[in-house]
Amino acid sequence: TEGGSIRLTATSCLGACAHGPNLTAYYGDTGGSLAEAWYAGVDSAGVKEIAEALHEGREPPPKGRYDR
């Protein structure tokens with residue numbers, strides 16, 4: 001489904017702290033669990049791009065992604 005919500009959660013290091021702000025996106029429903037996309041070095045434009053893609057039901061963009 002399209003839409004969803006955004007939650008900001010303070011956390012300790014996600015494993016790529018030396019590369020700037022980190023972001024983890026949980027999306028979709030893959031048989032009872034959510035898919036994950038992990039990003040490093042995310043700026044405000046990157047956050048917007050990721051949020052828009054997920055809101056529209058598209059795959060998260062590859063730029064800055066390090067979970068693959």
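Tutor: Start with the term. A salt bridge is a side-chain nitrogen of Lys or Arg within 4 Å of a carboxyl oxygen of Asp or Glu. Side chains of opposite charge can pair when their charged atoms come close.

A word on the source. This is a predicted model, where local features need pLDDT of at least 70, side-chain atom pairs count only at pLDDT 80 or more, and totals for chains, interfaces and linings use all residues. Residues are numbered from 1 along each chain as its sequence is written, and side-chain values use heavy atoms, with hydrogens and water left out.

Now find Lys 48 and Glu 52. Their side chains form a salt bridge, 3.8 Å from N to O. Both sit in helix H1, residues 44–55. Helices (H or I, at least four residues) and strands (E, at least two) are DSSP runs, numbered from the N terminus. Lys 48 and Glu 52 are 4 residues apart, so about one helical turn separates them.

Next, check how open each partner is. Buried means under 20% relative accessible area, exposed means over 50%, and partly exposed lies in between (1.4 Å probe, protein chains only). Lys 48 is exposed, at 54%. Glu 52 is partly exposed, at 37%.

The whole structure holds 3 salt bridges. Another one joins Arg 58 to Glu 56, with the closest N and O atoms 2.9 Å apart. Arg 58 is partly exposed at 44%, and Glu 56 is partly exposed at 41%. Arg 65 pairs with Asp 67 at 2.6 Å between the closest N and O atoms. Here Arg 65 is buried, at 16%, while Asp 67 is partly exposed, at 31%.

Go back to H1. On a 1 Å grid over the protein atoms alone, a pocket is an open set of points with protein on both sides within 12 Å along at least five of seven lines, and lining residues have an atom within 4 Å of a point. Strand E2 (35–40) supplies at least two lining residues, as does H1. Among the lining residues are Tyr 39, Ala 45, Glu 49, Ile 50 and Lys 63.

Key. 1 Å grid on protein atoms, 1.4 Å probe; cavity = no way out; pocket = protein on both sides within 12 Å on 5 of 7 lines; lining within 4 Å.
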